[in-house]
Amino acid sequence: MDGGAGQGAVEHCGTNGHLRASSPGCATGADGRHGVRMQPSAYCLCGATAAPMALRDTPAACPALWRWLRCPPAELRLDLVLASGQAFRWRESSPGAWTGVLGDRVWTLRQERDRLWYTVYGKETPGPETDRILRDYFQLDVGLAALYRAWGAADPLFCQPATAFPGVRVLRQDPVECLLSFICTSNNHVARITTMIERLCQAFGRQLCLLDEQPFHAFPSLAALAGSEAEAKLRALGFGYRARFVSGTARAIAEGMGAEGLCQLRAMPYAEARRVLCALPGVGAKVADCVCLMALDKAEAVPVDTHVWNIARQRYGAALGARSLTARVHQEIGDFFRELWGPYAGWAQAVLFCADLRKDRDSRSQARKGHSQASRGAGCS
């Protein structure tokens, strides 16, 4: 994949003398590699170019420029990846545009055909460094289309979800943020987890900027979450029993290996990194595998929850040693899929999980629609 060879930018303010209309609502530079989208209904005009959201109360808030990376849909589908329950800091801010926090920056991303457009809010100008951050976050150096073909050849049952859900790749997240976020996923669902993480960041994180009057915050530091009053504050925010685990793990890391030591688990073998994580408060096999896969470069890690457990039993007929999701069953399912899909088994599992998650959402949507129609019918009788 030519993951970033064709990258360009357009100046946000000043004279854009070399821009020409290339398609409705778009302007392109003379070399064909610079451009900006113009959608008055969804964008506020700032200077010579359009910004995707109105920014206020932030110095140098308007984006200096838009920039793009070449990335075909077969290699990345933003709408699938950012809504797949891997990360909880992104939201669809307008049709096809996703705004969220990555590191200490606020970004808006938009995918059009083979280009991933992005801008960064604040004083920083998008350029080679921000390109590198996005390439690392989406792991664009991993050829996804080739992996899909290999999984399909090894597993005919993979072909149907692969056709319906192309471009599902695994994010490479900050280990501290990933770990503390996934501790919140226990007995939870994506919408509620997202709300909890937002409350966490608002209460303990540094405010980065305001977009359309909505504040965006950095993820809290270990020190902020390890404080003596952190657990009580988290309970007041609705974290319940998870409050003890979030603050306890933050304290254990801060007083032990530190954020740098957690990041160094990337260099350890999968089994060893998993063992270290499982020794932390509130971290079991599933959370450890999520962190190994999505933050610690362990592509073979296969997180197992009830979705994946049902996929293994019902779709693949896996012979498991127990009827409930025990630690032994978790290991058996992981080994089963690693043997089937190979060293990137965790990535293949992400595709099936995404398909299953979408199926569940569609079923709930249909159920709500049916209930609403039934209620209206009952009211008319």
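How many helices and strands does the chain have? In this predicted model, the chain has 15 helices and 14 strands, taken as DSSP runs (H or I of at least four residues for helices, E of at least two for strands) and numbered from the N terminus. Residues are numbered from 1 along each chain as its sequence is written. Local features need pLDDT of at least 70 and side-chain atom pairs pLDDT 80 or more, whereas totals for chains, interfaces and linings use all residues; side-chain values use heavy atoms, without hydrogens and water.

Of the 381 residues, 51% count as buried (under 20% relative accessible area, 1.4 Å probe, protein chains only).

Helix α13 (residues 306-315) packs with helix α14 (residues 327-341) at an angle of about 60°, their axes lying 11 Å apart; axes are lines fitted to C-alpha atoms over the stretch in contact, and angles run from 0 to 180 degrees between N-to-C directions. The two helices are therefore oblique to each other, a class left after angles under 35 degrees (roughly parallel), over 145 (roughly antiparallel) and 65 to 115 (roughly perpendicular). Val-308, Trp-309, Ile-311 and Ala-312 of α13 meet Val-329, Ile-333 and Phe-337 of α14, contact meaning heavy atoms within 4.5 Å.

The axes of helix α11 (residues 270-278) and helix α12 (residues 285-295) come within 9 Å and cross at roughly 130°, which makes α11 oblique to α12. Among the residues in this contact are Tyr-270 and Arg-274 of α11 and Asp-289 of α12.

Technical notes
Buried means under 20% relative accessible area, exposed over 50%, partly exposed in between (1.4 Å probe, protein chains only).
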